[in-house]
Amino acid sequence: MRMEKANAKINLYLDVVSRRENGYHNIVSLMQTLSLCDLVTLDYRPAEHTEIRLSASGNTDMPTDRKNLAWRAAELFLAETGKTGEVDLFIEKHIPMAAGLAGGSADAAAVLRGLNALCGAPLSLERLCALGARLGADVPFCIVGGMALVTGIGEQLEYLPSMQDCPMVVACQGEGVSTVWAYGRLDEAYGGFSSPKAESDVPTRLSALLTKGDFASSKGLLFNLFEEVVPEVQPCVEPLKAAMLAHGAIASMMSGSGPSVFGIFGSLSDAEAACASLKNTGAAAFVCHPCEKYEN
Ligand code: ATP
C-alpha cells in the first residue's frame with residue numbers, strides 16, 4: 001500500500017504556437033505544481049488475472065471506471081511492464097474538475113509513480129514520462145512536478161527551479177470548460193494556426209523572475225492565450241480575477257483552458273482574506289503555495 005500526492009498545476013505562461021496535421025496543438029507553457037492536491041492510495045497484488053478497482057471520495061461526478069485517467073494509467077503500466085494482478089485505487093478528490101488544473105492528469109501521474117515504486121521501479125523516469133504522454137499531454141509534467149518549460153504537445157520538458165515560495169489562491173466558479181472546445185475556439189480565432197508564431201523569450205525571462213521571487217516584475221509577463229476566448233463563455237473568470245486583485249494579489253490570471261483563476265500574494269493574511277471573500281460569493285477557493293519537484 002502506498003499513498004501519492006497528485007498536485008494540481010497552473011500555467012504561468014501558455015501560448016499556442018501552431019497546429020499539427022493530426023489536430024494536436026504545439027504549445028509553449030510555463031507550468032508549476034501547487035500544494036492543492038488529490039490523495040491517491042494504491043495497492044498492487046500480483047495475480048494471474050488483472051483486475052483494477054477504483055473508488056473515490058470528495059467529488060461524486062468523477063468517473064470511477066475505465067473513463068478515469070487514473071484507471072487507464074494502471075492498465076497501461078501493467079501492460080508496459082508485462083505484469084498482471086489486482087490493483088486497488090482510492091482517490092480523495094480535492095482538485096476542481098474540468099478547471100484547467102490538470103486534476104485527471106495529476107491522478108494518472110500519481111498512479112504511474114506509485115505503481116512503479118510498489119513494483120521496485122522497473123521503469124526509468126524517462127520511460128514513465130513517455131508512458132504518461134500516451135494518456136494525456138499534461139501527464140509527463142505531472143509525473144515530475146515543480147516548474148518546467150513545456151513545449152511540443154506537452155511531451156518536451158525543460159525542468160527549471162520552482163518559483164519562490166509564496167501564498168497563492170486558486171478559485172473557480174460556474175461550469176467547467178472543455179479543453180477541446182477551447183482549442184476549437186482558438187482555431188477559429190487564429191485561422192487554424194496556419195502560420196506558426198515566432199519564438200518568444202518571455203517564458204525564460206518570466207521563469208527567472210519567478211524563481212527570484214520578483215513577482216511584481218513578473219506580473220506583466222504572465223500570459224494565457226485562452227483568456228481571449230474562455231471568459232466570453234464563462235463570465236465568472238473576470239470577476240474572480242478582479243476580486244483577487246482587490247484583495248491585494250500581486251498578479252492574477254486564468255490557468256490552462258480555465259475557468260480556474262490563480263492569484264499570487266505578498267502575504268498569507270491577504271491570501272486568506274481573498275479566499276474567505278471568494279468563498280462567500282459561492283466560489284470554490286483554496287489557499288496554497290508552489291511545490292518543488294517530486295522526489296522520484
Ligand atoms: P484537461 O485540460 O486535461 O481537460 P482539466 O484540469 O481541465 O484538464 P480534469 O479535472 O483533468 O480537467 O478533468 C477533465 C475531465 O476528465 C473531467 O470532466 C472528467 O470527466 C474526466 N476525468 C477522467 N479521470 C479523471 C480524474 N482522475 N480526475 C478528474 N477528472 C477526470
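**Close-up views of a predicted model**

View 1. In helix α6 (residues 202–212), the buried residues are Val202, Pro203, Leu206, Ser207, Leu209 and Leu210, where buried means under 20% relative accessible area, exposed over 50% and partly exposed in between (1.4 Å probe, protein chains only). These residues lie on the same side of α6, because they cover an arc of only 165 degrees around the axis, the arc being that of the directions from the helix axis to the C-beta atoms. The elements that cover them include β1 (2–19), β2 (25–46), β5 (147–151), β6 (156–160), α7 (215–218) and β10, with contact meaning heavy atoms within 4.5 Å. Helices (H or I, at least four residues) and strands (E, at least two) are DSSP runs, numbered from the N terminus. After α6 comes glycine 213, which has a positive phi, near 85 degrees.

This is a predicted model, in which local features need pLDDT of at least 70 and side-chain atom pairs count only at pLDDT 80 or more, while totals for chains, interfaces and linings use all residues. Residues are numbered from 1 along each chain as its sequence is written, and side-chain values use heavy atoms, with hydrogens and water left out.

**View 2. Helix α9 and its buried side.** The buried residues Ala271, Ala274, Cys275 and Leu278 belong to α9, and they fall on the same side of this helix because their arc around the axis is only 100 degrees. Ser269 and Asn280, on the other side of α9, are exposed. The buried residues of α9 pack against β7 (168–172), α8 (237–246), β10 (261–265) and β11 (284–288). The 13 residues of helix α9 (residues 268–280) should span 18 Å at 1.5 Å a residue, which agrees with the 18 Å between its end C-alpha atoms; the expected span is 1.5 Å times one less than the number of residues. Just after α9, glycine 282 adopts a positive phi of about 95 degrees.

**View 3. Phenylalanine 286 in strand β11.** Phenylalanine 286 lies in strand β11 and, at 24% relative accessibility, counts as partly exposed. When residues up to four places away in sequence are not counted, phenylalanine 286 touches Leu36, His94, Pro96, Met168, Val169, Val170 and Cys275. The C-alpha atom of phenylalanine 286 is separated by 27 Å from that of glycine 132, the two residues being 154 residues apart along the chain.

**View 4. Methionine 168 and the nonpolar core.** Methionine 168 is among the residues that touch the most other members of the largest nonpolar core, which has 97 residues; the others are Leu12, Leu30, Leu89, Val111, Leu112 and Phe226. A nonpolar core is a set of buried Ala, Val, Leu, Ile, Met, Phe, Trp, Tyr and Cys residues joined through side-chain atoms within 4.5 Å. Leaving aside residues up to four places away in sequence, methionine 168 touches Ile10, Leu34, Met163, Phe262, Gly263, Ile264, Phe265, Phe286, Val287, Cys288 and Pro290.

**View 5. Asparagine 116 in helix α2.** Asparagine 116 lies in helix α2 (residues 103–118) and counts as buried, at 7% relative accessibility. The residues that asparagine 116 touches, not counting those up to four places away in sequence, are Phe77, Ala121, Pro122, Leu123 and Leu128.
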